[in-house]
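Notebook open. I want to go through the helices first, then the aromatic rings and the surface.

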Amino acid sequence: MSVARRRRRLPDEVRTAAVRAVLCLAFTLVGLLVATLASYADSWLLTPALMAMGIGVFGSMWCLLELLISRQIAAQRMRGPNSASPMAGSRAAGPAPQARPPQPRARQASAR
């Protein structure tokens, strides 16, 4: 049985974007349900429900795009500025590089 790894907590801006996206998606699905039931009942609520659902689809896509961008920004912030490798600038303390002791230079014999 493998040992479960502990997951890192998402940054605050990513979590708020994820919650916003889930709420917008939930309201869009509720609008879809209301529009479906209103169409079966031949109710006057069909037109407002369809308009709300269209706005909800646009809002959901906007929130998902915001979630994607905030995740990329958080990942870039963890990597550090101007770094090509994903671990550059990480907060994990690695072994400190050891300074090499100075080596005495060998004398070269002059060829005269």
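Helices here are DSSP runs (H or I, at least four residues), numbered from the N terminus. With that settled, I place Leu68 in helix H2. I keep in mind that this is a predicted model, where local features need pLDDT of at least 70, side-chain atom pairs count only at pLDDT 80 or more, and totals for chains, interfaces and linings use all residues. Residues are numbered from 1 along each chain as its sequence is written, and side-chain values use heavy atoms, with hydrogens and water left out.

**H1.** I looked up helix H1 (residues 12–40): its 29 residues reach 42 Å from first C-alpha to last, close to the expected 42 Å (1.5 Å times one less than the number of residues). Among the buried residues of H1 I note Val14, Cys24, Thr28 and Gly31 (buried is under 20% relative accessible area, exposed over 50%, partly exposed in between; 1.4 Å probe, protein chains only). The buried residues of H1 pack against H2 (contact is heavy atoms within 4.5 Å). Just after H1, I find Asp42 with a positive phi of about 50°.

**Aromatic rings.** How many aromatic pairs does a search of the whole structure find? I get one. The ring centres of Phe58 and Trp62 are 6.1 Å apart with planes at 45°, so I log the pair as tilted (centres within 6.5 Å, using the six-membered ring of Trp; under 30 degrees is stacked, over 60 edge-to-face, the rest tilted). Both residues sit in helix H2 (residues 46–79), four residues apart, about one turn of the helix. Phe58 is exposed at 57% relative accessible area, and Trp62 is exposed at 57%.

Technical notes:
Helices (H or I, at least four residues) and strands (E, at least two) are DSSP runs, numbered from the N terminus.
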